There are 2 protein chains.
Amino acid sequence: MVEVYNTIAGLRQVLKQRRQQGASVSFVPTMGFLHDGHLSLMRLARERGDVLVASIFVNPTQFAPGEDLEAYPRDLERDLALCQSVGVDIVFTPEPSQMYHPKASTTVTVAKVSQGLCGTSRPTHFQGVATVVTKLFNIVQPDVAVFGQKDYQQLAVIRRMVRDLDIPVEIVGGAIVREADGLAMSSRNVYLSETHRAQATALVGALRSTSAQVDGGQRSAEALLEHARGFIGRHAPAGRIDYVELVDPLELTPVVGDMGHGGAVMALAVFFGQTRLIDNMHLGAP
Amino acid sequence: MVEVYNTIAGLRQVLKQRRQQGASVSFVPTMGFLHDGHLSLMRLARERGDVLVASIFVNPTQFAPGEDLEAYPRDLERDLALCQSVGVDIVFTPEPSQMYHPKASTTVTVAKVSQGLCGTSRPTHFQGVATVVTKLFNIVQPDVAVFGQKDYQQLAVIRRMVRDLDIPVEIVGGAIVREADGLAMSSRNVYLSETHRAQATALVGALRSTSAQVDGGQRSAEALLEHARGFIGRHAPAGRIDYVELVDPLELTPVVGDMGHGGAVMALAVFFGQTRLIDNMHLGAP
């Protein structure tokens with residue numbers, strides 16, 4: 001049976017015991033309302049540690065005022081059953097008051113890779129992510145932590161932060177898991193109306209169609225971006241593009257002119273009503 | 001014999017072995033050019049861990065352009081002998097290139113307590129300190145770390161950071177060690193001319209004289225500050241006051257009106273030529 005802890009002290013105590021017995025620890029941080037994308041990360045992490053810890057914490061500091069913090073979907077009972085089903089040993093479910101001192105004033109900032117893409121429309125988001133992930137790493141002290149590639153910029157921010165701060169953890173990225181029609185799984189997909197849900201496949205459609213352009217020889221960033229934007233415009237008339245970008249896979253800087261030999265990552269965000277969906281794909285070799 | 005490591009990987013390997021044997025680790029980070037103040041911290045740390053690690057690293061990111069990074073005094077051979085003399089087991093002496101990736105872009109910021117006092121004239125200093133101490137903690141993973149109370153604001157910043165980021169380390173503050181005439185020990189004291197050295201006792205003189213005022217019943221922050229500034233003006237005519245402040249011991253916010261029952265910390269910084277000296281004292285109970 002999965003063990004549930006909602007205090008830092010309680011979690012630390014049990015992990016200290018397990019570690020003293022020689023156990024390694026793998027970790028999957030989540031905001032809950034789990035879907036198959038999360039479960040795939042947990043299955044990856046299950047293979048990488050003796051004790052598998054998952055956290056379920058809707059972190060307020062990564063939401064800006066007016067974003068969907070209050071509305072963010074929650075279902076702890078269902079989440080715990082899903083964690084159990086993929087072999088999670090321990091779930092950490094702190095309240096915000098357990099995670100944030102009333103006078104907390106420390107932040108972790110990852111410049112450069114936090115800028116652009118989602119960082120443009122959510123300028124404080126990645127500082128909230130970097131700070132809470134640092135805290136979770138200090139609480140869980142995992143040997144391995146697994147994050148989804150769907151949040152490509154988040155994964156890049158965390159890899160950069162781990163490198164720059166010498167955090168003793170290995171970061172593993174898990175592949176995007178998609179619905180049968182290709183839509184990337186997201187806890188926010190439940191917000192979509194029927195019409196929006198149907199048009200939301202334009203995100204992955206644009207990525208696949210643009211990837212085919214690359215396979216056909218097109219290397220011009222400008223042409224590829226125009227192609228992707230046009231695809232979304234035609235297939236998701238109810239959508240409003242937040243961004244479509246082609247970026248360096250590590251530095252996340254925009255590709256200008258022709259794509260290099262290493263290829264590039266196309267990342268995009270589209271609003272359907274108030275719901276903002278993201279997706280990405282590596283285009284070209286490798 | 002003290003073991004010396006200049007790579008993160010080398011240090012981690014030996015500490016991992018010691019930890020697997022059940023050893024606890026205590027840690028004293030320094031910028032080298034050790035004096036009795038540092039050695040007192042090492043003696044404190046010696047009692048608190050099975051393996052005592054000291055770092056010697058003149059951290060470039062806590063110096064602003066125009067400060068004394070290049071001129072900062074260094075004497076590694078002498079430092080190692082002093083470490084040996086107080087029972088340090090391991091000295092970590094990385095080059096800047098070992099500590100900072102050329103594209104490093106992650107910073108740790110501790111708002112509020114980093115502001116005012118030294119933060120006013122050195123606005124990026126504590127971000128450099130917080131970031132490098134986070135890195136050192138992630139590299140050494142100490143159970144206990146000891147910092148000097150002479151750098152009162154630094155100690156407050158680190159305590160706040162450890163609390164806010166849930167860093168699993170106990171922070172211990174070591175009392176200020178003074179020369180026979182009261183001057184707080186500092187690696188920067190070697191910069192002082194004979195005249196400046198003589199007048200530099202005005203810092204501790206002002207603190208002691210103001211403390212006597214408190215013992216005599218004076219509780220007004222304004223009167224105490226005026227007294228301390230007057231003392232420095234009379235006894236250190238060659239000095240230039242950077243700040244003299246009376247602050248809350250934890251939040252470092254200025255005391256206005258009468259001091260509370262918990263007392264307050266008087267902190268001051270005075271330039272003698274290019275050399276900036278600091279000192280502080282807790283005034284009133286406890």
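Me: In which sense do strands β9 and β10 of chain B pair, and over how many bridges?

Reply: Strands of a sheet pair through backbone hydrogen bonds, either parallel or antiparallel. Here strand β9 (residues 264-272) of chain B and strand β10 (residues 275-283) of chain B are antiparallel, joined over nine bridges. Two strands count as paired if DSSP finds at least two bridges between them. Strands (E, at least two residues) and helices (H or I, at least four) are DSSP runs, numbered from the N terminus. This is a predicted model, in which local features need pLDDT of at least 70 and side-chain atom pairs count only at pLDDT 80 or more, while totals for chains, interfaces and linings use all residues. Residues are numbered from 1 along each chain as its sequence is written, with chains lettered from A and ligands numbered from 1 in the order in which they are written.

Me: Which residues in β10(B) are the bridge partners of L268(B) and V265(B)?

Reply: L268(B) has D279(B) as its bridge partner, and V265(B) has H282(B). The hairpin of β9(B) and β10(B) leaves two residues between the strands, and G273(B) there takes a positive phi near 60°.

Me: What is the strand order of the open sheet in chain B, and which strands stand at its edges?

Reply: The order is β8-β9-β10 (chain B), three strands with antiparallel pairing. At the edges stand β8 (240-247) and β10 of chain B, each with a single partner strand, so one side of each has no neighbour in the sheet. From one strand to the next, the twist averages 10°. Such angles run from 0 to 180 degrees between N-to-C directions, with axes as lines fitted to C-alpha atoms, for helices over the stretch in contact. Helix α9 (residues 202-215) of chain B packs on this sheet and touches β9 and β10 of chain B, its direction making about 20° with that of β10(B).

Me: What is the order of the three-strand sheet in chain A?

Reply: In chain A the order of the open sheet is β8-β9-β10, paired antiparallel. Its edge strands are β8 (240-247) and β10 (275-283) of chain A. Seven bridges join β8(A) to strand β9 (residues 264-272) of chain A, and V244(A) stands opposite L268(A) in β9(A). On this sheet packs α9(A), which touches β9 and β10 of chain A.

Me: At what angle do the axes of α9(A) and α10(A) cross, and is the crossing left-handed or right-handed?

Reply: A crossing is left-handed if the near helix is turned anticlockwise from the far one by less than a right angle, and right-handed if clockwise. Helix α9 (residues 202-215) and helix α10 (residues 221-235) of chain A cross at roughly 145°, their axes coming within 9 Å. This crossing of α9(A) and α10(A) is right-handed. The contact includes A202(A), G205(A) and A206(A) of α9(A), and L224(A), H227(A) and A228(A) of α10(A). Two residues are in contact if their C-beta atoms, placed from the backbone, lie within 7 Å. By class, this contact has seven nonpolar, six polar and no charged residues. Ala, Val, Leu, Ile, Met, Phe, Trp, Tyr, Cys and Pro count as nonpolar, Asp, Glu, Lys and Arg as charged, and the others, Gly among them, as polar.

Me: What domains does the assignment give for chain A?

Reply: Domain bounds come from an automatic or database domain assignment. For chain A it gives domain 1 (3-174) and domain 2 (187-283). Their C-alpha centres lie 26 Å apart, and 15 residues of domain 1 are in contact with 13 residues of domain 2. On the domain 1 side, α5 (118-121) and α7 of chain A each give two or more residues.

Me: How many residues does each chain bring to the contact between chain A and chain B?

Reply: Chain A and chain B each bring 24 residues. On the side of chain A, β5 (106-110), α6 (125-140) and α7 (152-165) each give two or more. That side divides into 10 nonpolar, eight polar and six charged residues. Five bridges join β5(A) to strand β5 (residues 106-110) of chain B, and the two run antiparallel. V108(A) stands opposite V108(B) there.
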